[in-house]
Amino acid sequence: MDLALDEARAAASRGEVPVGAVIVDGSTRQVIARAGNRTRELNDPTAHAEILAIRAACTALAQERLTGHDLYVTLEPCAMCAAALSFARIRRLYYGADDPKGGGVAHGGRFFTQPTCHHAPEVYDGIGGEEAAAVLRGFFGERR
């Protein structure tokens, strides 16, 4: 989660909402990909940290599925990202801060509990949550 927090801080320094994600091989613990939000920089509403990390990991491994891989992300994924995690077949999801307003895992649509969800990863929440929430509060506090 420390690497994901580093990515979140880097995103904040670019003026992006500070969310960071890291994908690791579940058995070797090797980092496969890491990313931070880039929606503003890329003018792309889908350029969330999770999506960018999934794209980078799939490219690095030359495969469309990430079976056996784990994703660490600083904020509860939105519904779009939860769907992408499902389609990528991520093994485990570890996330930091809850997102009652925009989350799609424990809040909102709870994507992984829907009958249309083909794969649900194991989910572990609150990992580094206090620090992740502090980074987000600091970012938005500066803009208010």
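Reader: Which element gives the largest share of the lining of the largest pocket?
Author: Helix α5 does, with three residues. Please note that this is a predicted model.

Reader: What is the volume of that largest pocket?
Author: The volume of the largest pocket is about 520 Å³.

Reader: And which lining residues are the closest to its centre?
Author: The lining has 22 residues, and the closest to the centre are Val-17, Leu-75, Asp-99, Leu-136 and Phe-140.

Reader: Which elements give two or more residues to the lining?
Author: Those elements are α2, residues 39-42, and α5, residues 129-143.

Reader: How does the lining divide by class?
Author: There are 10 nonpolar residues in the lining of the largest pocket, along with eight charged and four polar ones.

Reader: Let us turn to α5 as a packing partner. At what angle does α1 pack with it?
Author: Helix α1, residues 2-13, packs with α5 at an angle of about 5 degrees, and their axes are 10 Å apart. Angles under 35 degrees count as roughly parallel, so α1 is roughly parallel to α5.

Reader: Which residues make that contact?
Author: From α1 they are Leu-5, Arg-9 and Ala-12, while α5 contributes Glu-131, Ala-132, Val-135, Phe-139 and Arg-143. By class, five of the contact residues are nonpolar, three are charged and none is polar.

Reader: Now the other pair: how far apart are the axes of α3 and α4?
Author: The axes of α3 (residues 49-61) and α4 (residues 79-88) lie 9 Å apart, at an angle of about 20 degrees. Given that angle, α3 is therefore roughly parallel to α4.

Reader: Is their crossing left-handed or right-handed?
Author: The crossing of α3 and α4 is left-handed.

Reader: Which residues are in contact there, and what are their classes?
Author: Helix α3 supplies Glu-50, Ile-51 and Ile-54. On the α4 side are Met-80, Cys-81, Ala-84, Leu-85 and Ala-88. Seven residues of this contact are nonpolar, one is charged and none is polar.

Methods: Residues numbered from 1 in each chain as written. Predicted model: local features only at pLDDT ≥ 70, side-chain atom pairs only at ≥ 80, totals over all residues. Heavy atoms only, no water. 1 Å grid on protein atoms, 1.4 Å probe; cavity = no way out; pocket = protein on both sides within 12 Å on 5 of 7 lines; lining within 4 Å. Points joined across faces, edges and corners; volume = space filled by probe spheres on them. Helix = DSSP H or I, 4+ residues; strand = E, 2+ residues; numbered from the N terminus. Nonpolar A, V, L, I, M, F, W, Y, C, P; charged D, E, K, R; others polar. Axes fitted to C-alpha atoms, helices over the stretch in contact; angles between N-to-C directions. Parallel < 35°, antiparallel > 145°, perpendicular 65-115°, else oblique. Left-handed = near helix turned anticlockwise from the far one by under 90°. Contact = heavy atoms within 4.5 Å.
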